[in-house]
Amino acid sequence: MDIKELQELIEEERSAGEKVRRAKEVAQEAVTKAREQADKIVHASEVDVHLQELRQAMKAEFAKKQADLENEYKEKLAILEEYSRNNLEKAVERLVQEALKVKV
Amino acid sequence: MSLSAIKSEIGQKTEQEISEILENAKHEAEGIIAQANARAEAIRRERSKALEKELDEEERSQLAILRMNLRGDMLRLKQKWSSLVVERAEDGIKQLAEKNGPEYRELLRKLVLEGAANLKGYRFMVEANPRDQKTIAEDLKILSEKATKTKKEQVHLQTRPTLKIRLGGVVLYAEDGTQQYDNTLDARLMAASHDLAGQINKILFGTGESDE
């Protein structure tokens, strides 16, 4: 092998080294981008819209339960009111009868 | 080995090394993203669970307060009707007493005789409001006779007016002042409404209980 050929080989090796260095840079950049994207993914989960939706859904469900309970009692009160009104005189009569019942 | 063969080998090894570097970087990046997705999912699950628990507790406590208030409304309604029964009964008794008809006069006599029968001794002072005292004074002789018959010993009745008795009825005092028998209509109504509370509730509300 003469001097010229040896120089060609040295140049070939240098060029190969350069290619590897650039590939490493590209690889590093890809990993860095992945880390940045990962941070964004985690951050997004912390300010998740899903939680707001869940809160709204549960609040709506609670409002329904509250309304159901209020209606249930409203109905009970109405029934009680009517029943009491219908039986008021009977109750008064029974009380008067007892108050005036004299054991001689 | 020829120069071109050496160059070719250098080229091949370089390509292989570059390919490995890029492939490894790709795997590492994918791993980082997968981990981030898993962590994000875990955070979401944890937060959802915590939020559900928080809202569930809040809801349970608010519903308990609401239920308590509604039961309070129910109780207040029952109390309103129970009080109305007593008020109406009082009105009825008041009308009967103010009318002062034969029925009421008979009731007054019975109230006096019941009082005398329930007190020890044979000499009693009968107190009544001026209206009732007048009626009793008129019937005092008959009442004394009836009481004597019941107690099988001579009974002496006296009467005096008082402004302390509101609705009507009488209070009997033993002569020595040691005993008294409150047979006023106010006292009887109060006692009856107490004794009959369960029965009145049953008539009014269809249950004997004061709650639901």
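Chain B has 5 helices and 4 strands, and from the N terminus on these elements run in the order α-α-β-α-β-β-β-α-α. Chain A, by contrast, has 2 helices and 0 strands. The model in which these elements are seen is a predicted one, and everything below should be read with that in mind.

The overall dimensions of the two chains can be taken next. The C-alpha trace of chain B spans about 160 × 35 × 30 Å along its principal axes, and its radius of gyration is 47 Å, whereas a compact globule of 212 residues would have a value near 17 Å. For chain A the C-alpha trace spans about 150 × 25 × 15 Å along the principal axes, and the radius of gyration is 44 Å, whereas a compact globule of 104 residues would have one near 13 Å. Chain A is also divided into two domains, with domain 1 covering residues 1-47 and domain 2 covering residues 49-104; the centres of these two domains, taken over C-alpha atoms, are separated by 78 Å.

The two chains meet along an interface in which 60 residues of chain B are in contact with 54 residues of chain A. On the side of chain B that touches chain A, at least two residues each are supplied by helix 1, helix 2 (102-118), helix 4 (185-195) and helix 5 (197-205) of chain B. The largest share of that side, 42 residues, comes from helix 1 of chain B. Sorted by class, the side of chain B that touches chain A holds 37 nonpolar, 9 polar and 14 charged residues.

Within this interface, one pair of helices can be followed in detail. Helix 1 of chain A (residues 3-46) packs with helix 1 of chain B (residues 3-99) at an angle of about 5°, and their axes are 9 Å apart. Since angles under 35 degrees count as roughly parallel, helix 1 of chain A and helix 1 of chain B are therefore described as roughly parallel to each other. The residues of this contact between helix 1 of chain A and helix 1 of chain B divide into 26 nonpolar, 6 polar and 14 charged.

Helix 1 of chain B also packs with helices of its own chain. With helix 4 of chain B it forms an angle of about 150°, the axes being 11 Å apart, and that makes helix 1 of chain B roughly antiparallel to helix 4 of chain B. The crossing of these two helices, helix 1 and helix 4 of chain B, is right-handed. Here Val86(B), Ala89(B), Glu90(B), Ile93(B) and Ala97(B) in helix 1 of chain B meet Leu185(B), Leu189(B) and Ser193(B) in helix 4 of chain B, and the residues of the contact divide into 6 nonpolar, 1 polar and 1 charged.

The packing with helix 5 of chain B has another geometry to be described. The axes of helix 1 of chain B and helix 5 of chain B come within 11 Å and cross at roughly 110°, and the two helices are therefore roughly perpendicular to each other. Helix 1 of chain B passes helix 5 of chain B in a right-handed crossing. In this contact Lys78(B), Trp81(B), Ser82(B) and Val85(B) in helix 1 of chain B meet Ile200(B), Leu204(B) and Phe205(B) in helix 5 of chain B, with a division into 5 nonpolar, 1 polar and 1 charged residue.

Notes
Residues are numbered from 1 along each chain as its sequence is written. Chains are lettered from A and ligands numbered from 1 in the order in which they are written. This is a predicted model: local features need pLDDT of at least 70, side-chain atom pairs count only at pLDDT 80 or more; totals for chains, interfaces and linings use all residues. Axes are lines fitted to C-alpha atoms, for helices over the stretch in contact, and angles run from 0 to 180 degrees between N-to-C directions. Angles under 35 degrees count as roughly parallel, over 145 as roughly antiparallel, 65 to 115 as roughly perpendicular and the rest as oblique. Ala, Val, Leu, Ile, Met, Phe, Trp, Tyr, Cys and Pro count as nonpolar, Asp, Glu, Lys and Arg as charged, and the others, Gly among them, as polar. Two residues are in contact if their C-beta atoms, placed from the backbone, lie within 7 Å. Domain bounds come from an automatic or database domain assignment. A crossing is left-handed if the near helix is turned anticlockwise from the far one by less than a right angle, and right-handed if clockwise. The radius of gyration is taken over C-alpha atoms; the globule rule is 2.2 Å times the number of residues to the power 0.38.
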